[in-house]
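These are my notebook entries on one protein model. I set down each item as I looked it up.

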Amino acid sequence: MKKHFIAASCVAAAIVGSVVIGNAQNPAPPAGAAPAAPAAQGARGGGPRDTLGEGPWDLTAGRGRVRLSVVTKGLQNPWGIAFLPGGDMLVTERPGRLRVIRAGKLDPTPLGPLPEIAAEGLGGLLDVTLHPNFAQNRLIYLAYSKPGPTWGQMGQAPPPPPAGAAPQGRGRGGVPRSVDATTAVYRARWDGGATLADGKDIFVADAYHGAIGTNTSVGPATGSYGTRIVFDKDGTMFVSLGDRNNPPVAQNMNSHIGKILRLKDDGTVPPDNPFVGKPGIKPEIWTSGHRNPLGMYIRPSDGSLWATEQGPQGGDELNKIEKGKNYGWPNVSLGRNYDGTPAPQGFSAPGFEEPVVFWVPAIAISGLSWYDSDKLPTLRNRALVGGLRANTGRHVQAVTFNAQGLPTGRELMFGELNQRIREVKPGPDGLLYILTDEAAGAVIKVEPAQSQ
């Protein structure tokens, strides 16, 4: 029954969505919206180009109108956001900086010290979150790409592969340079100043990939880190890891690549994890078979864990994450590989979980949240996802569910901004905050529209 619903209803929704997306990328200026300021070029043309404008913008969300306004600009590829007691915010920049927004103003001084970060490709400083008892212990958690032992080493150009063999990674220009790296979780204590204290890696994934000779026939080893961190109500930590463009390893249970992990707040293994004590399986693994899980959130109404996951050509997914289950990549997928071939076992197969919602064409799905506040009533009890891809993405989608928990529709929002949306997350004030993944990135606040 589930398979029938997904195959019929979700494909129909995806087709409808694809039509609307095309219109949302180049819309007429919305009624009541303030005109965008001309795009600004950096000094002498050398700085990042601001494509957002100044705002504010009054736009449609659900059956009502909302106002979007810029909290701050001056961020380079912002990736994660955490809300501090009192209304301040921590924001990560993928090149390797942790920033704080104080009273609505971006502090020019990054926080540190931070560990060495492999900031290349899609790697860098990724998510940030607070310990559930942050007000008492002042602990923050950072997910980042950690250089491996051979990071940066140069090698000799390998010989051409034999006829019919997959090409090996050569680096740019033919001579390989090691981009060996993994994913780590860094914990530090922060007293509100400019300095982090007691910083250390509490978990380093066994997900090293990218050394000289690595097979990069699918894509660069610096891609698909897929990392988010969330805490559940019991203080247990979930960490998502992508496949690093090394798809088969997502099914290797003796590797953390392509998995969602479950850890204690100190990085150790909870004894009730599904694979504890099973030979040849990493005990941190909660679920397997993930491609690039770039959004993760716990639904407030029932405490369930959800994740968004990018597919290849099509097949972006919204998944309900359940203990010990396998989500199929690369054996099954609702998208096709970049060479046009389908997944080896097709769209679905016994033993693999199917997505609750999927997107064809792909939107390069990113951040995820569930909205449950009354501040924006037209979005209440809806899943909100971000999109990154030109033409089919660069907007927020709100997914509606019925009383039985089945998806019944989706709405495209904020495509007028034409920005890559990295994260969409409710704040403790009940408003919604959006990160634009641009070289001139921004934090945007979504609140009720002002009375006309």
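I took two strands as paired if DSSP finds at least two bridges between them. Helices (H or I, at least four residues) and strands (E, at least two) are DSSP runs, numbered from the N terminus. I note that this is a predicted model, in which local features need pLDDT of at least 70 and side-chain atom pairs count only at pLDDT 80 or more, while totals for chains, interfaces and linings use all residues. Residues are numbered from 1 along each chain as its sequence is written, and side-chain values use heavy atoms, with hydrogens and water left out.

**Entry: an open sheet**

I looked up the strand order and found four strands in an open sheet, β3-β4-β5-β6, with antiparallel pairing. At the edges I recorded β3 (78–83) and β6 (105–106), each of which pairs on one side only. Between β3 and β4 (residues 89–93) I found four bridges, and the two strands run antiparallel. Within this pairing, P78 stands opposite E93 in β4.

**Entry: the whole protein**

I recorded two helices and 25 strands for the protein. For burial I used relative accessible area (1.4 Å probe, protein chains only): buried is under 20%, exposed over 50%, and partly exposed lies in between. On that basis, 53% of the 452 residues are buried. Accessible areas come from the Shrake-Rupley method with a 1.4 Å probe, and for residues only the protein chains shown count as cover. The accessible surface comes to about 18,800 Å², and carbon and sulfur atoms hold 53% of it. I took contact to mean heavy atoms within 4.5 Å. Of the contacts between residues at least 6 apart in sequence, 60% join residues at least 24 apart.

**Entry: T182**

I located T182 in strand β9 (residues 181–190). T182 is buried, because its relative accessible area is 0%. Which residues does T182 contact, leaving aside its neighbours within four places in sequence? I listed Y144, S145, K146, V204, A205, D206, A207, Y208, Y225 and R244. I then examined the side chain of T182: one of its polar atoms lies 2.7 Å from the backbone oxygen of A205. A polar atom of the T182 side chain also lies 3.3 Å from the backbone nitrogen of A207.

**Entry: aromatic rings**

I counted rings of Phe, Tyr and Trp (its six-membered ring) as paired if their centres lie within 6.5 Å; planes under 30 degrees apart are stacked, over 60 edge-to-face and the rest tilted. My search of the whole structure found seven aromatic pairs. One of them is Y144 with Y186, edge-to-face at 6.5 Å centre to centre, with 85° between the planes. Y144 lies in strand β8 (residues 139–147) and Y186 in strand β9, so this pair ties together parts 42 residues apart in sequence. Both Y144 and Y186 are buried.

The ring centres of F238 and W286 are 5.6 Å apart and their planes stand at 70°, so I recorded this pair as edge-to-face. F238 in strand β12 (residues 237–240) and W286 in strand β14 (residues 285–287) are 48 residues apart, and the pair links distant parts of the chain. I found F238 buried, at a relative accessible area of 5%, and W286 buried at 11%. I also noted that W306, W370 and F401 form one aromatic cluster.

**Entry: charges over rings**

The charged end of R291 sits over the ring of W329, 5.4 Å from its centre. The charged end of R410 sits over the ring of W359, 4.7 Å from its centre.

Terms used: Polar contact = N/O pair within 3.5 Å; in protein donor to acceptor, adjacent residues only side chain to side chain. Lys NZ or Arg CZ within 6 Å of the ring centre and 35° of its normal.
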